[in-house]
Amino acid sequence: MPDFIQEAEALFAYTRALRRDFHMHPELGFQEVRTAGIVAKELNQLGLEVSTGIAETGVVAMIEGGKPGPVVLCRFDMDALPITEETGKDYASTNPGVMHACGHDGHTAIGLTVAHLLHQHREDLAGTVKLVFQPAEEGLGGAERMVKEGVLEGPRPDYSLSLHLWNEKPYGLIGVTPGPAMAAAESFEITITGKGAHGASPHQGLDPILAAAQVITALQSIVSRNVRPLEAAVVSVTAIEGGTTHNVIPPDVKMKGTIRSYLPEVRELVHRRFGEIVKGVSASMGCEAEYVIFDITPAVVNDAGMAAHVQGVVQRLLPADGLETDYRTMGAEDMAYMMDDIPGCYFFVGSANDEQGLNYGHHHPKFDFDERALPKAAALMAAAAADLLK
Ligand code: NI
């Protein structure tokens, strides 16, 4: 097996230059035209078969091994966020109001580095690597759309791999967890309708603000009283809007929020109790409630065998690094759509560095990460793929 760590370190200047260039020129989901252009150009220069324009700006490239064998999909997301950057770095965003605040600039650079690493050893691969550069991961449905446009066909992958640079963990720590690793996510909208009245005459109205307050409180009982204590779920009301002034009881209140869970049965339970509480508590206050729950993404569930495989790669390549085998987050990732019925592993590469102030959370205007994680991530991904094609 080649020394992918050493080879990735040798490419560090290339990887970092790409990452900083992407960072300076962030693009929102489905608008990654410049980014996708660079990705396609770099992949073309390696002589790979490249397809562009999948789900608007998605790019797919094939690395054909010297021998026949299975197909491994490696996926990297490319989009940025509608955030104004406050890092003050010399490679900060030059696109006002748009920022790579999640590290997808790093992921894209890692993907191109993986292309180099595996291309160099293509003769030794028994099978095919399908490199997928995905648009619009940030809640816009890029993965689902790529799947609809055939990314899982021609050829169909046998295995899938993906990763995230992760500031919730320090540099030097890798998280590879069998089973659920990231949550199923839904968003919801509630409208509670009562009857408006003068603020001094509440008895003449049906107060939707009081009903909303009761609903919010009662929703907290789902996780604390209904979900089994050892299972995970989140119900967060994150927006509330009702009323205009101090002496008017408004006719309605609107709320928004998110639901997270790992297991389908927990998800079903939460949805059922959510509906019962929203409707029932509102009705008990004389109000009517309507709600809609929108799917965002299913849970990211790592195949046990694939997780064990990647854990083995981490232990072999980075024996001095920490390996966490039970790290999960209630964050969501649309990679779930590409792992749905393909055994896969989604792993986390620790990228925070407290001493250098590189420890802001994902989606923070001061988010930045320890770039030494880039070659590690690329080497792990390349080795994990190559090991499946021995
Ligand atoms: Ni992300």
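The largest pocket in this predicted model has a volume of about 470 Å³. Its lining comprises 26 residues, and those closest to the centre of the pocket are E137, E138, R260, A332 and H363. Two elements each give two or more residues to this lining, namely strand 5, spanning 159–170, and strand 13, spanning 288–297.

Ten of the lining residues are polar, while eight are nonpolar and eight are charged. The lining also draws on two domains: at least three residues come from domain 1 (4–183 + 299–388), and at least three come from domain 2 (184–297).

Attention may now turn to the second largest pocket, which holds about 190 Å³ of space. Here 15 residues form the lining, and A184, R267, T297, P298 and A299 lie nearest the centre. Strand 8 (184–193), helix 7 (264–284) and strand 13 are the elements that each supply two or more residues to the lining of this second largest pocket.

By class, the lining of the second largest pocket has ten nonpolar residues, together with two polar and three charged ones. The location of this pocket follows from the origin of its lining: because domain 1 (4–183 + 299–388) and domain 2 (184–297) both contribute residues, the second largest pocket lies between them.

Note on methods:
Residues are numbered from 1 along each chain as its sequence is written. This is a predicted model: local features need pLDDT of at least 70, side-chain atom pairs count only at pLDDT 80 or more; totals for chains, interfaces and linings use all residues. Side-chain values use heavy atoms; hydrogens and water are left out. On a 1 Å grid over the protein atoms alone, a cavity is a set of points where a 1.4 Å probe fits but cannot get out, and a pocket is an open set with protein on both sides within 12 Å along at least five of seven lines; lining residues have an atom within 4 Å of a point. Grid points are joined across faces, edges and corners, and a volume is the space filled by probe spheres set on the points. Helices (H or I, at least four residues) and strands (E, at least two) are DSSP runs, numbered from the N terminus. Ala, Val, Leu, Ile, Met, Phe, Trp, Tyr, Cys and Pro count as nonpolar, Asp, Glu, Lys and Arg as charged, and the others, Gly among them, as polar. Domain bounds come from an automatic or database domain assignment.
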